[in-house]
Amino acid sequence: MSIDGSEASSRSLEPEEDARAENERLLEFLYLCPVGLARLGCRGDVEMMNSAGARLLLPVAGTPELSNLFDVLEGHAPELRSLTRVFAGERGTICEGHRIQLTPPRPHAPEWLSITLVKIDESRVMAVVADITGSVEQERLLHADRQRFQAIYEGMRDAMICTLDVEGRVATWNSSGERLLGFSEESVLLRLFATLSEDDDAAARLARQMARSLEAGWSELEGWYARRDGSRLWGEGVLAALRDERGAVTGFSVVLRDMTERKLAAERLQEMASRDALTGMHNRRHFVEHAQRELALWRRHRHPLTVALIDADHFKKVNDTHGHATGDEVLRDLATVVREQLRSTDLSARYGGEEFVLLLPSTDAAGAVVLAERIRSAIAARAVVHETGEVSYTVSIGVAEASDCLGSVEALVHAADQALYRAKAEGRNRVILAPAGLTG
């Protein structure tokens, strides 16, 4: 059978075309691969690299060229060059999943890389490079979670453990719960765990914590709990979701530690930090923080809110004539009179020197002036006893009511201070109300 020349030529080209097509498919795979792939010389010279590798390594290199992989990573992983050099095999894995932390980090560059080097033959090495920043961060978070659980577990000398059903009712209760809270198992089984808490929104809060534990595996618990004898316990711990082998939620576990002493100690320190040592009144910082919260409520509800600024008249003369010890007694006496006249919802503070400030929620300007007059007259009618006799003193008071023009702590105090200045200028021992519409 004869074959003409054109037919023979066509058939001879088919293997070449197949090889070219196969090569194109391999190149397409190389450049579309989501991890970095590169062919290197044994000294790290880059002979070929896909686009994913370039995207990962160009920000690390800081230059538009990637001529040598080992040079690019020299400052972060100098061991790559020596690992390749000392590898004795004709072919095989030089390193697998070798982690490299890129420090200091560069803009748009990953923080962690994983690199695998495989020797193909005597002169070529294949490199696989991947960004593992997300995986390392997940491992760090997992390690932190493990440490947190381990710390709680190891410190469970004053702790209780119980389980809840999916509705938040007590399912199991052991002796640790009875020891900490005083309730027997019979008295709490099927009782909503939230009823043991003293928080007003305990049920809603527990629901949020259960939802959070379903998402993250666990959530933190803290708050005041009621003991059977009527005392309180500050508990801190975790609420964790319980699942069966199919992953369905079967309930929750509770680990709660008794941290009452630490909580009370922290509250005592906070209270001491908010008090003036001489008079026992709150200090200026506490007043400002409290006033900001009250003003936020005032903006929403528009209940009356006033501030009164009190200053001891001629206080320098008292110090100069009778001594600073007597001056201190005057300030303590002033603080006592103020406290006697205030409601539990009012706040008094030493604002500085001989100046005191009052925050009066739900009190309008007229009511604040009446209170200020009562304080002024009570002080004018008394005297402070000291070693050489008695010292009488008076106070001047400026009053300002919150308004659209006086809607900040600074503006309100400034308006009261202006009114106080007028009281001083008009002869002292008097109360002056800041005019309505005055701006701070």
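I began with a proline: P104 is found in the loop between β3 (92-101) and β4 (112-119). I note here that the model is a predicted one.

Next I went to another loop, the one between α7 (185-188) and α8 (202-216), where L190 has its place. I read phi of L190 as near 65 degrees, which is a positive value in a residue other than glycine.

I asked myself how many bridges join β8 to β9. I found nine, and the two strands run antiparallel.

I then looked for aromatic pairs and counted three, taking ring centres within 6.5 Å as the limit. One of them involves W224 and W234, with ring centres 5.3 Å apart. Stacked or edge-to-face? The planes stand at 70 degrees, and over 60 counts as edge-to-face, so this pair is edge-to-face. I placed W224 in strand β8 (residues 218-226) and W234 in strand β9 (residues 232-243). The pair therefore ties together parts that are ten residues apart in sequence.

**The five-stranded sheet**

I traced an open sheet of five strands, in the order β12-β13-β11-β16-β17. The pairing in this sheet is mixed. Which strands stand at the edges? They are β12 (347-352) and β17 (431-433). Each has a single partner strand, so one side of each is left without a neighbour in the sheet. I noted the twist too: from one strand to the next it averages 20 degrees.

Within the sheet I followed β11 (residues 305-312) and β16 (residues 395-401), which run antiparallel and are joined by seven bridges. As an example, T306 has E401 in β16 as its bridge partner.

I also looked for what lies across these strands. I found helix α14 (residues 409-425) across β11, β12, β13 (355-361), β16 and β17. Helix α14 runs at about 145 degrees to β16.

**Helix α12 and its two contacts**

I took α11 first. Helix α11 (residues 315-322) packs with α12 at an angle of about 140 degrees, and their axes are 7 Å apart. The two helices are therefore oblique to each other. I listed the residues that meet: F315, V318, N319 and H322 on the α11 side, and H324, T326, G327, V330 and L331 on the α12 side. Sorted by class, this contact has four nonpolar and five polar residues, and no charged ones.

Then I turned to α13. How do helix α12 (residues 324-341) and helix α13 (residues 365-380) pack, and at what angle? The angle is about 140 degrees, with the axes 10 Å apart. These helices are therefore oblique to each other as well. I noted the crossing of α12 and α13 as right-handed. From α12, the residues in this contact are L334, V337, V338 and Q341. From α13, they are L371, R374, I375, A378 and I379. By class I have seven nonpolar residues here, one polar and one charged.

Conventions: Residues numbered from 1 in each chain as written. Predicted model: local features only at pLDDT ≥ 70, side-chain atom pairs only at ≥ 80, totals over all residues. Heavy atoms only, no water. Axes fitted to C-alpha atoms, helices over the stretch in contact; angles between N-to-C directions. Helix = DSSP H or I, 4+ residues; strand = E, 2+ residues; numbered from the N terminus. Parallel < 35°, antiparallel > 145°, perpendicular 65-115°, else oblique. Left-handed = near helix turned anticlockwise from the far one by under 90°. Contact = heavy atoms within 4.5 Å. Nonpolar A, V, L, I, M, F, W, Y, C, P; charged D, E, K, R; others polar. Pairing = 2+ DSSP bridges. Phe/Tyr/Trp six-rings, centres within 6.5 Å; stacked < 30°, edge-to-face > 60°.
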